[in-house]
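Here is a walk through one protein chain. Keep the sequence and the 3D view side by side as you read.

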Amino acid sequence: MTETSPAERALARLVWPLRLTRAGLFAERATRAFWPAWSLALATIACFAFGVPARVPPSLLWGGLGFVALLLVWTIARGMMRFRIPTREEALDRLDRTLPGRPISALLDQPAIGASDPATQSVWAAHLQRMEARTATARAPEPDLRLSRQDPYALRYVAATAFAMALLFGTLGRVSEVGDVVTLGAGPAVASGPSWEGWVEPPIYTGLPSLYLNEITAETFETPQGSRITFRSYGEPGSISITTDVGPMPAEDADAYAQSVTVERSGSFTVNGPMGRSWDISVRADAAPAVALDGEVEGEPPGQMQFAFTATDDYGIASGTATIRLDPARADRRYGLSVEPEPREALVLDLPMPFRGSRAEFTEVLLEDLSEHPFANLPASMVLTVTDEAGQIGTVSYDIPRLPGRRFFDPMANALIEMRRDILWSRENAPRTAQVLRTITWSPEEDLDHGVYLQIRSAIRRLEAGVDSISTETRDQVAEILWNAAMELEVGDLDDALERLRRAQERLSEAMQQGASDEEIAQLMQELREAMDDYLRQLAENAQPGEDRPDEGGERMEMSMADLEEMMRRIEELMQEGRMAEAQEMLNALQQMLENMEMTQGGEGGDGPQTPGERAMEGLQDTLRGQQDLSDDAFRELQDRLNPNRPQQGQQPGQQAQPGQQPGQQQGQPGEQPGQQQGQGQPQGQQQPGGGGQDGQPEGQAQGGENGEGMTLAERQEALRRLLEEQQSRLPGTGTEAGDEAQRQLDRAGRAMEEAEGLLEEGDIAGALDAQSEALEALREGMTELGRALAQEQTGQEPGQGQAEGNMAPDRPLQDPLGRQAGNSGSFGSEEAMGDRQEASRRARELLDELRQRSAEQDRPEIELDYLRRLLDQF
């Protein structure tokens, strides 16, 4: 059997790619050569489909057809002259140019010199084998069908669009009638006799489709009011006519081939003449829209008005409004409201409409804050109005006993708002309002804010400046001043957490006395919860370990968040049941407890030693930091392997790392992390492998200098794994569900560390990084479960098991007054300073940005890009 050459084998595999490439070349050349011809043909067909020949005189139509025919012949001839069928060689050359190194040409070449030299033949044979391998990846290139250079004005798209519109809305059957239309001496008549066609087009807002009269076989049909009937006749003028009583008839015109009638009422429509038809048309009346409230007008704390409404229409609502007017007849006409109110314009609000879906029937909610409006908290009437697309209007009226607005529970703020209401009711109340405000400021309360006092005095001066009456501008200025003063008294801008808590409690007490609604009570309870959280947070952050604090009220309390929530829930239940006196007593007790509450002391820096739980948690934190540092060093070493010439961190280009220095490590700072100074807070050599150790570290912790200097990555990983195993053996909380789960998570972390250790010994850093990431995740889960186990052990202690007042029990982790875990230094939330946490967050963001930037650099090795993508998937 004769052995085939590499070129023959390659060409045998390229049969289909070559055929497809040749077909693509054929399509390219045909498109460029004949695009004027098919564009002209499509435009002509579109003109025929839309009935253009029936609208022009025969002489002009003949001339146009002749010109189009000549132009079509010329474009076809021009295309034939330019078109060349692509050859196999051209297709082979096109395919070859898509491959790197032109392997097909190389396979068809012959060596110029040394054809008889064995060495040259060997090299040439190897070259042909490589080129043959490249041809295996050959794919047929996509044909280039762009015509922007040949057709800069995009005329082909115009023709294609016109043809598409003709397919959708035209009648392609008219193309066959062109010969009849242009019959000499027949004018617009057709050889086969007169004909007609018509359409019934409903109003656009109905969304109903058009009806084609020629296809309606029934004697009656229904259409919406306002529909338009378009009738078009073909033939001798007057041979076909229409009679109808559904609307006004169009003016008679003998030369009119198209007529239209608007359907206003039910009636008949008759086509007189050849192919005559008659229909009885029933008009579907457009019903007026309707709107109604869905429920009551309600208040949404702190001061918003809300109501739901339902609107309906047979075709859809276009718009709607809510018009609110003051109803003085139903107001309590006493004090400032005893005088006649000044006329005010009605308040008009736009009703919300649905953005999507049908507007034929929908329910929406209007939410507006009208607290500052003069009508707020007064009787009013409201008219809902909706309008449909036809201009029809639907209305409905309602009486509102009290237009919802913000209610003020601070007594002085409530008085200021009442004075504001009086001057907005009528300017005749200005003297009385000034007198009342003078009474308020004559002997003010000691805790009255100085700024509020000055605002009230400013309002008094403006009210007394007018001789007989004040102007509308002065009235509005005084109203704004009183509103701002009342808001400052009610809400305030207090920085002290305890004062905010007291203010929230006072407002809740005042609301109970005034009989506030359930929604307002719920809002004030939420404000009390938020103020209590702020106070407890401040109390926890200000607590210092070992600090002696005097007892307030002779007792010291430690409560959990669940206890406080239970008390507040009970207060809310009592208020809902109407037992206001009991609720007030419990609220006073809660206030006394919160004021007497202090941080319990203990933990590192306290009077007692660390508990086993604290030591275990601290050791796991050190292990977690060490594993994170080891992962960072492994990632830097992977970068150095893939990019040997990359400048090191903190190293100028061209500067070489010192012997023994870790990758990415600055000179003079072995193993030092960003933001960490060597020897800061602890002597060198007392950190665990991977960094981050502390004095007093757990027994058996491996030591290797900062960041494990002098140890390989695999050795550091082994030391961390052994350290974790030792910590597991002394882990408290066993026997509980959370403690057992912590052990399982730490076992998973140990297995991941062991896997990472083996991969590091094999030199597979990318795989080791994945295992280290799993170890970090398992460590964090284990620490979380350990914290739960320790909290469960604390909850299970019997009363009296703790230490003396001010200290924690031996087996009890440091907690704030709500039972939350505090840091080793006694500070709330974390043992790291806020600056350290912000620095860590900044470093995390920088690392994520760097990963994204490097993953976008496609010239990096594929193994590095694959690893970067896996890292980004975890974020």
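Helices (H or I, at least four residues) and strands (E, at least two) are DSSP runs, numbered from the N terminus. By that count the protein chain has 22 helices and 16 strands. This is a predicted model, where local features need pLDDT of at least 70, side-chain atom pairs count only at pLDDT 80 or more, and totals for chains, interfaces and linings use all residues. Residues are numbered from 1 along each chain as its sequence is written, and side-chain values use heavy atoms, with hydrogens and water left out.

Start with the whole chain. Buried means under 20% relative accessible area, exposed means over 50%, and partly exposed is in between (1.4 Å probe, protein chains only). Of the 875 residues, 41% count as buried. Accessible areas come from the Shrake-Rupley method with a 1.4 Å probe; for residues, only the protein chains shown count as cover. The protein chain exposes about 47,000 Å², and carbon and sulfur atoms supply 51% of that area. A contact means heavy atoms within 4.5 Å. Among contacts with a separation of 6 or more, 70% come from residues 24 or more positions apart.

Now the surface. Patches take residues with over 30% relative accessible area and no salt bridge; like charges are joined within 9 Å, nonpolar side chains (Val, Leu, Ile, Met, Phe, Trp, Tyr) within 5 Å. A salt bridge here is a side-chain nitrogen of Lys or Arg within 4 Å of a carboxyl oxygen of Asp or Glu. F50, V52, M165, L168 and F169 form a nonpolar surface patch, with about 500 Å² of accessible area together. L168 belongs to helix α7 (residues 155-169). Why does L168 count as exposed? Its relative accessible area is 61%.

Turn to the aromatic rings. A pair is described by the distance of the centres and the angle of the planes. Rings of Phe, Tyr and Trp (its six-membered ring) pair if their centres lie within 6.5 Å; planes under 30 degrees apart count as stacked, over 60 as edge-to-face and the rest as tilted. This rule gives ten aromatic pairs. F408 and W483 are edge-to-face, because their ring centres are 5.5 Å apart and their planes stand at 85°. F408 sits in the loop between β16 (393-400) and α9 (411-425), and W483 in helix α12 (residues 472-490), so the pair ties together parts 75 residues apart in sequence. F408 is buried at 3% relative accessible area, and W483 is buried at 9%. Elsewhere, W196, F231, F269 and W279 make up one aromatic cluster.

Charges meet rings too. A charge sits over a ring if NZ of Lys or CZ of Arg is within 6 Å of the ring centre and within 35 degrees of the ring normal. The charged end of R406 sits over the F408 ring, 5.9 Å from its centre. R156 does likewise over Y157, at 4.4 Å.

E90, in helix α4 (residues 88-97), is partly exposed, because its relative accessibility is 25%. Beyond four places in sequence, E90 touches L25, R29, R84 and I85. E90 and R22 are 68 residues apart in sequence, yet 7.8 Å apart C-alpha to C-alpha. R529 lies in helix α14 (residues 518-542) and is buried at 18%. Its contacts outside four places are E565, M568 and E572. Q745, in helix α19 (residues 737-762), is buried at 13%.
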